[in-house]
Amino acid sequence: MQPLANVTPLKPPARAGAIEVNNVGQVFKTRSQDVVALEDVSLEIKPGRFVVLVGPSGCGKSTLLMMMAGLRQQTSGTITINGAPIPQPDPDRVGVVFQEASLFPWLTAEDNVEFPLALRGVPKAERRAKAQDALKLVGLDGFGKRHPHELSGGMKQRVSIARGLVQDPPVLLMDEPFAALDEQTRMTMGDELLRIWAATGKTVVFVTHSLTEAVYLADEVIVMSARPGRIVDHLQVQLPRPRTYEMLSGDAFGSLRDRIWRHIRKSA
Amino acid sequence: MSARISATTLRYLIVIGLIALWELLPRTGLIPELFLPSLSSTLVAGWTDAAEYGHALAVTLYEVVVSMAFACGGGILLGAIVGSLPRPRVLIMPMVSSLYAVPLVILYPVFTVWLGIGSESKIAFASIYGFLPTMLATAAGIQTIDPQLLLAARSMGATLSQRLVHVIIPAAIPTVLSGLRVGGALVIVGVVVSEMLISSAGIGYLISRYRTILDSPHVFAGVLLVLFLAIAFNAAIRWIERKAAIWQTGTRAGQANDEIASSAMQPAT
């Protein structure tokens with residue numbers, strides 16, 4: 001029963017958090033025609049990496065994320081997490097953080113964080129202890145008794161992250177988690193997320209519309225094209241960590257962001 | 001000049017004012033006692049025949065409680081089915097919606113033919129009367145649950161029954177309660193109106209009987225009882241709302257709390 005914050009990034013369990021996507025395709029059948037949402041998507045994500053998916057609206061990046069979460073099945077190809085397929089959600093392997101609205105408004109922050117544990121019948125005392133650890137990790141120590149409507153947007157998203165981490169899964173999937181936040185909160189939350197990631201050593205896959213956010217957070221940025229969604233570029237972000245605000249105006253940062261933007265402009 | 005009176009105080013003042021008017025207007029002769037008997041004579045009339053009113057209240061209460069059980073139980077059950085399954089929704093909803101526009105009271109004479117003029121016909125009528133809004137609200141409540149919440153629950157490994165118990169039901173409670181508020185109020189209306197039309201007992205019957213003999217104080221004593229019944233019901237629903245849906249503190253209260261949370265980190269009430 002290791003506290004979350006003590007899981008160091010230096011010694012991740014063997015293969016824990018590895019994601020492999022092989023020739024994945026997704027076709028939506030509508031009455032008039034078949035829409036190809038994803039076509040021949042392959043990628044490999046190594047344990048402990050911070051990978052960001054970007055692309056124009058409707059490129060299927062969220063769809064791909066939902067498949068990695070086991071919330072949706074691909075039409076063709078395979079996805080494995082820790083070497084095994086994911087036919088349905090598996091909170092032991094994958095935690096998911098959604099956009100702001102997904103906290104249960106009738107539960108307090110700590111009850112929200114405990115929710116996935118309660119579903120599996122974890123005893124109350126153990127649940128509470130784990131939820132406290134997770135809330136402490138995201139910087140919300142002492143806010144456990146608040147309801148979501150008593151928390152700011154950024155705090156709500158911290159609770160979501162705590163909920164995603166409470167079962168200590170090797171992989172954390174994040175679907176535009178900061179999209180509803182204002183610019184300043186968004187920057188702060190980015191730094192917070194990097195701190196949490198460094199403290200836990202999770203593999204993070206992060207979907208966003210913001211190119212700046214993508215480059216700022218990522219080890220690797222995967223750029224997708226508009227429908228049918230394909231991977232058009234896979235950038236390594238070599239900027240040193242910890243990332244700082246000053247890097248945003250640097251040349252290295254700018255050229256990475258330009259490269260992504262050129263891809264997106266071309267396909268949109 | 002900033003001695004502003006709070007809305008609550010103002011409300012009490014208005015109520016007190018109305019009560020005072022009720023007493024003063026008939027007493028000063030501005031309104032004939034036949035049209036509006038003074039509050040005191042109404043209370044005296046009610047007090048002198050307390051046993052009769054008590055019996056009538058018991059009958060009415062019994063009919064209201066049973067009708068509410070039918071209307072709310074049936075409305076929630078059917079609303080849940082209709083709200084969660086698309087097929088019955090397509091079949092039933094248009095019918096229910098158009099039925100809602102029909103003045104159902106026209107059915108009441110038919111019910112008395114079928115069920116007699118005792119409590120059964122009132123219960124049948126009031127149940128159907130209160131059933132429709134409860135069902136419509138429940139269906140709407142289930143339909144408008146944020147799909148993100150269900151997706152999040154699924155991502156945490158919630159089974160279908162866990163999603164029903166831990167997500168769908170708590171998420172639907174506020175809408176269902178507002179449906180109960182309307183449905184329950186209609187049940188009271190249904191019972192009292194049907195008692196006034198064709199009946200042999202209950203508050204509605206007393207009001208109707210005293211009206212035919214132009215005994216205004218006794219009529220208004222009955223009216224007062226119905227008024228208290230409705231207010232008590234409303235208070236009960238409010239109490240349940242506060243208990244069950246503490247998070248749904250109304251949009252404005254919610255926003256205010258958001259502001260408190262984001263600006264100063266002090267505990268919101």
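UniProt positions here follow the numbering used in this text, feature names are shortened, and annotations may be inferred rather than shown by experiment. Residues count from 1 along each chain as its sequence is written, chains are lettered from A and ligands numbered from 1 in the order in which they are written. The model is predicted, so local features need pLDDT of at least 70, side-chain atom pairs count only at pLDDT 80 or more, and totals for chains, interfaces and linings use all residues.

**Exercise 1.** Find which residues of chain B UniProt lists for "domain: ABC transmembrane type-1", and describe that stretch.

*Solution.* Start with the record: the unreviewed UniProt entry gives residues 57-237 of chain B.

**Exercise 2.** Work out how helix 2 and helix 3 of chain A cross.

*Solution.* First, take helix 2 (residues 109-119) and helix 3 (residues 124-137) of chain A: their axes come within 9 Å and cross at roughly 125° (lines fitted to C-alpha atoms over the stretch in contact, with angles from 0 to 180 degrees between N-to-C directions). Therefore helix 2 of chain A is oblique to helix 3 of chain A (under 35 degrees is roughly parallel, over 145 roughly antiparallel, 65 to 115 roughly perpendicular, the rest oblique).

**Exercise 3.** Say in which sense strands 9 and 10 of chain A pair.

*Solution.* Strand 9 (residues 220-224) and strand 10 (residues 231-236) of chain A pair in the antiparallel sense, over five bridges (DSSP must find at least two). Now zoom in: Ile222(A) sits opposite His234(A) in strand 10 of chain A.

Technical notes
Helices (H or I, at least four residues) and strands (E, at least two) are DSSP runs, numbered from the N terminus.
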